[in-house]
Amino acid sequence: MHPEERIAQARRNRRHLRQHIDEETLRILEERFQTNLPAYQRNADGHYCPIAAALRDGQREVILYLRQQLQLAEQESQNN
């Protein structure tokens, strides 16, 4: 795929996300996955679970990615 095609595809993807995901959706996801909490948390026996931390970190990364894509889509819509 040529660079121009990749850029056009990325813009189409961002427009799609902007049409289907809003702040309320992101708030629900943040609340459900508790992405505001530290990645490493002690479990019931007082130890850290690296698998749970990796999951939480990955969930946080998805939220950040969506926010970034929505922000870029908004900028693109204002420039057009």
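# Briefing: helix packing and core

Thr35 lies in the loop that joins helix 2 to helix 3, and with a relative accessible area of 10% Thr35 is buried. This is a predicted model, in which the mean pLDDT of the chain is 91 and 100% of the residues reach 70 or more. Within the chain, confidence is highest in helix 1 (residues 3-20), at a mean of 95, and lowest in helix 3, at 93.

**The loop between helix 2 and helix 3**

- Once neighbours within four places in sequence are set aside, Thr35 is in contact with Glu30, Gln59, Arg60 and Ile63.
- Gln34 is also found in the loop between helix 2 and helix 3, where its relative accessible area of 42% makes Gln34 partly exposed.
- The phi angle of Gln34 is near 50°, which is a positive value in a residue other than glycine. Most residues other than glycine have a negative phi.

**Helix 2 against helix 3**

- Helix 2 (residues 23-33) packs on helix 3 at an angle of about 170°, and their axes are 10 Å apart. Because angles over 145 degrees count as roughly antiparallel, helix 2 is described as roughly antiparallel to helix 3.
- On the side of helix 2 the contact is made by Glu23, Leu26, Leu29, Glu30 and Phe33, while helix 3 brings Arg56, Gln59, Ile63, Leu66, Arg67 and Leu70.
- Sorted by class, the residues of this contact between helix 2 and helix 3 are six nonpolar, one polar and four charged.

**Helix 1 against helix 3**

- The axes of helix 1 and helix 3 cross at roughly 105° and come within 9 Å. Since angles of 65 to 115 degrees count as roughly perpendicular, helix 1 and helix 3 are roughly perpendicular to each other.
- Helix 1 takes part in the contact through Arg11, Arg14, Leu17 and Arg18, and helix 3 through Leu66, Gln69, Leu70, Leu72, Ala73, Glu74, Glu76 and Ser77.
- The residues of this contact of helix 1 with helix 3 divide into five nonpolar, two polar and five charged.

**The nonpolar core**

- The largest nonpolar core has six residues in all, namely Leu17, Ile21, Leu26, Ile63, Leu66 and Leu70. Helix 3 (residues 50-79) supplies the largest share of this core, with three residues.
- In soluble globular proteins, nonpolar side chains tend to be buried together.
- Ile63, one of the core residues, touches Leu26, Leu29, Glu30 and Thr35 when residues up to four places away in sequence are not counted.

- Leu29 has its place in helix 2, and at 27% relative accessibility Leu29 counts as partly exposed.
- Leaving out residues up to four places away in sequence, Leu29 touches Gln34, Ile63 and Leu66. Although Leu29 and Ile63 are 34 residues apart along the chain, their C-alpha atoms are separated by 7.7 Å.
- Val62 belongs to helix 3 and is partly exposed, with a relative accessible area of 48%. The C-alpha atoms of Val62 and Arg42, which are 20 residues apart along the chain, are separated by 23 Å.

Conventions
Residues numbered from 1 in each chain as written. Predicted model: local features only at pLDDT ≥ 70, side-chain atom pairs only at ≥ 80, totals over all residues. Heavy atoms only, no water. Core = buried A, V, L, I, M, F, W, Y, C linked by side-chain atoms within 4.5 Å. Buried < 20%, exposed > 50% of the residue type's maximum accessible area, 1.4 Å probe, protein only. Helix = DSSP H or I, 4+ residues; strand = E, 2+ residues; numbered from the N terminus. Contact = heavy atoms within 4.5 Å. Axes fitted to C-alpha atoms, helices over the stretch in contact; angles between N-to-C directions. Parallel < 35°, antiparallel > 145°, perpendicular 65-115°, else oblique. Nonpolar A, V, L, I, M, F, W, Y, C, P; charged D, E, K, R; others polar. pLDDT = per-residue confidence, 0-100.
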